[in-house]
Amino acid sequence: KMPEALRIACDGSLNHNGIEFQTPLLSGKAGERFIKSLSSLLSKEKFYVDSSCGLHIHIDGDGYKNEKDAENLRKLWLFYYIYDDVILAMLPASRRNNRFCIPLKKNYSYSEIINCYDKKSIEKKWYKEENEDNIEDRKKTKNDNTRYNGINFHSLLWDGHLEIRYHSGTINDRKILEWINLHTKILDTIPEITSATIQKGLN
């Protein structure tokens with residue numbers, strides 16, 4: 001029996017009438033147990049993934065949401081831009097040329113990111129939009145086209161959480177938990193380091 005808190009939805013991007021599992025908000029050891037239990041159940045019931053599937057994780061954006069957090073947000077964007085290729089190298093080729101998780105370097109440039117110094121300039125560069133009223137309208141909905149970037153900052157600007165869309169579909173609990181751990185470590189560390197440290201990855 002599936003956990004009551006689990007949501008199951010149809011997803012037109014999946015092959016063979018695939019379905020999507022959406023967990024409730026998870027944290028700590030209880031969250032780990034939920035993922036391990038669900039993964040075990042899906043494996044037992046013969047569920048499977050193929051190359052059309054993706055694993056999307058959503059991480060609370062505390063420390064990146066507000067105007068005072070603009071420098072952290074800029075550094076986070078800069079980090080993911082610089083290390084985009086490293087992150088993609090961990091994943092199957094099907095995730096590197098995929099319209100549902102577009103590499104940041106296909107849509108943005110280093111100069112755009114490095115020259116942002118407040119939240120409004122970040123939003124203008126992210127949405128490629130100068131009109132602030134239009135930006136505010138786009139931030140009111142989940143369904144902005146920029147959400148299809150592999151690192152989805154629209155979800156952070158819209159709803160206060162960062163969505164990571166890059167990972168291939170999996171029901172392997174260890175892969176899921178290690179992936180979550182990687183990105184939560186990144187978000188925890190970025191406020192403590194400088195842009196200069198992050199930019200060493202360009203060398």
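Guide: Two strands count as paired if DSSP finds at least two bridges between them. Strands (E, at least two residues) and helices (H or I, at least four) are DSSP runs, numbered from the N terminus. This is a predicted model, in which local features need pLDDT of at least 70 and side-chain atom pairs count only at pLDDT 80 or more, while totals for chains, interfaces and linings use all residues. Residues are numbered from 1 along each chain as its sequence is written, and side-chain values use heavy atoms, with hydrogens and water left out.

Visitor: What makes S3 and S5 a pair?

Guide: Four bridges join S3 to S5, and the definition asks for at least two, so the strands pair. The two run antiparallel.

Visitor: Why do S3 and S4 count as edges?

Guide: The open sheet has three strands in the order S3-S5-S4. S3 (57–60) and S4 (151–152) each have a single partner strand, so one side of each has no neighbour in the sheet.

Visitor: Which residues of S3 are on the covered face, and which on the uncovered one?

Guide: Ile-57 and Ile-59 are on the covered face, His-58 and Asp-60 on the uncovered one. Helix H9 (residues 173–189) lies across S3 and S5 and runs at about 30° to S3. That angle is taken between N-to-C directions, on a scale from 0 to 180 degrees, with axes fitted to C-alpha atoms, for helices over the stretch in contact (heavy atoms within 4.5 Å).

Visitor: Is Cys-101 called buried or exposed, and why?

Guide: Buried means under 20% relative accessible area, exposed over 50%, and partly exposed in between (1.4 Å probe, protein chains only). Cys-101 is at 0% and therefore counts as buried. Cys-53, at 15%, is buried as well. Lys-46 is at 68%, so this residue is exposed. Lys-46 lies in the loop between helix H1 (28–44) and S3, and its phi is near 70°, a positive value in a residue other than glycine.

Visitor: Why is the pair of Trp-77 and Trp-126 called edge-to-face?

Guide: Rings of Phe, Tyr and Trp (its six-membered ring) pair if their centres lie within 6.5 Å; planes under 30 degrees apart are stacked, over 60 edge-to-face, and the rest tilted. Here the centres are 5.5 Å apart and the planes at 70°, so the pair is edge-to-face. Trp-77 is in helix H2 (residues 70–82) and Trp-126 in helix H6 (residues 119–127), 49 residues apart. Phe-79 and Tyr-80 are also edge-to-face, at 5.6 Å and 80°.

Visitor: Which residues do ring pairs link into a cluster?

Guide: Trp-77, Tyr-108, Trp-126 and Phe-153.

Visitor: What makes Lys-105 lie over the face of Tyr-81?

Guide: A charge sits over a ring if NZ of Lys or CZ of Arg is within 6 Å of the ring centre and within 35 degrees of the ring normal. Lys-105 is at 5.5 Å from the ring centre of Tyr-81 and lies over its face.
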